[in-house]
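Please keep the sequence and the model in view while reading.

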Amino acid sequence: MSLNNLKPADGSVKNTKRIARGEGSGHGGTSTRGHKGAKSRSGYKSKIGFEGGQMPLQRRVPKFGFKNPNRVEYNGINLDTLQSLVDNGKVSGDVTVQNLIDNGLIAKSDRVKILGRGELTAKLNVEAHAFSASAKAAIEAQGGEAKTV
């Protein structure tokens, strides 16, 4: 075998369909486009989602739901997370939003809600945007203060 006698495998290479090259080609006349209608004409371009006059899928499926543009998202931080910050010596006494940002628990633009999961044993004065009722009760039970920013 050498370069001058290499050839592709039988059946792997097909001749291209030569459209509009006369009747003898087998693809003359209507040039494989059929008779009449928009698809047979030059310059035809279908709209996205057009289904040949059938009701398109995006119009058949009903709309539902509602997205409130004024929704306020809170990042939840639980009492056990606050307790672990105290145990690791990262905060003491006062917990502010800035402390939480410095410790990587929230981003600068986030709003914080303190949630009631876990046990709090330290006396903390906590500053946050919102508190759950159980979290507020647990903080005040330890002699701390829950202050809304």
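## Terms and basis

A residue is called buried when its relative accessible area is under 20%, exposed when that value is over 50%, and partly exposed in between, with a 1.4 Å probe and protein chains only. By that scale arginine 60, with a relative accessible area of 44%, is partly exposed.

This is a predicted model, in which local features need pLDDT of at least 70 and side-chain atom pairs count only at pLDDT 80 or more, while totals for chains, interfaces and linings use all residues. Residues are numbered from 1 along each chain as its sequence is written, and side-chain values use heavy atoms, with hydrogens and water left out.

Helices (H or I, at least four residues) and strands (E, at least two) are DSSP runs numbered from the N terminus, and two strands pair if DSSP finds at least two bridges between them.

## The sheet S1-S3-S5

Three strands form an open sheet in the order S1-S3-S5, and their pairing is parallel. Strand S1 (74-78) and strand S5 (130-131) stand at the edges with a single partner strand each, so one side of each is left without a neighbour in the sheet. Strands of a sheet pair through backbone hydrogen bonds, either parallel or antiparallel.

S1 and strand S3 (residues 111-115) pair in the parallel sense over five bridges; along this pairing, asparagine 75 stands opposite valine 112 in S3, and glycine 76 stands opposite lysine 113. S3 is also joined to S5 by two bridges, again in the parallel sense, and there lysine 113 stands opposite alanine 130 in S5.

## What lies across this sheet

Helix H2 (residues 79-87) lies across S1 and S3 and runs at about 60 degrees to S1; here axes are lines fitted to C-alpha atoms, for helices over the stretch in contact (heavy atoms within 4.5 Å), and angles run from 0 to 180 degrees between N-to-C directions.

Which residues of S3 make up its covered face, and which its uncovered one? The covered face of S3 holds Val112 and Ile114, whereas Arg111, Lys113 and Leu115 are on the uncovered one. In a regular strand the side chains alternate between the two faces of the sheet.

## The sheet S2-S4-S6

Another open sheet of three strands has the order S2-S4-S6, with parallel pairing. Its edge strands are strand S2 (94-95) and strand S6 (145-148), each of which pairs on one side only. Strand S4 (residues 125-128) runs parallel to S6 and is joined to it by four bridges, and in this pairing glutamate 127 stands opposite lysine 147 in S6.

## Salt bridges

A salt bridge is counted when a side-chain nitrogen of Lys or Arg is within 4 Å of a carboxyl oxygen of Asp or Glu, and the structure holds four of them. Side chains of opposite charge can pair when their charged atoms come close. One of these bridges is formed by the side chains of arginine 60 and glutamate 51, at 2.9 Å from N to O; glutamate 51 is partly exposed, with a relative accessible area of 28%. Arginine 71 and glutamate 73 meet in another, at 3.0 Å from N to O, and both of these residues are exposed.

The side chains of arginine 117 and aspartate 80 also meet in a salt bridge, at 3.0 Å from N to O. Arginine 117 lies in the loop between S3 and S4 and aspartate 80 in helix H2, so the pair ties together parts that are 37 residues apart in sequence. Aspartate 80 counts as partly exposed, at 26% relative accessibility.

## The segment before H1

Alanine 20 lies in the segment before helix H1 (57-60), and its phi is near 60 degrees, a positive value in a residue other than glycine. Threonine 32 has its place in the segment before H1 as well, with a phi near 65 degrees, which is likewise positive in a residue other than glycine. Alanine 20 counts as partly exposed at 43% relative accessibility, and threonine 32 counts as partly exposed at 43% too.

Methionine 1 also lies in the segment before H1 and is exposed, with a relative accessible area of 91%.
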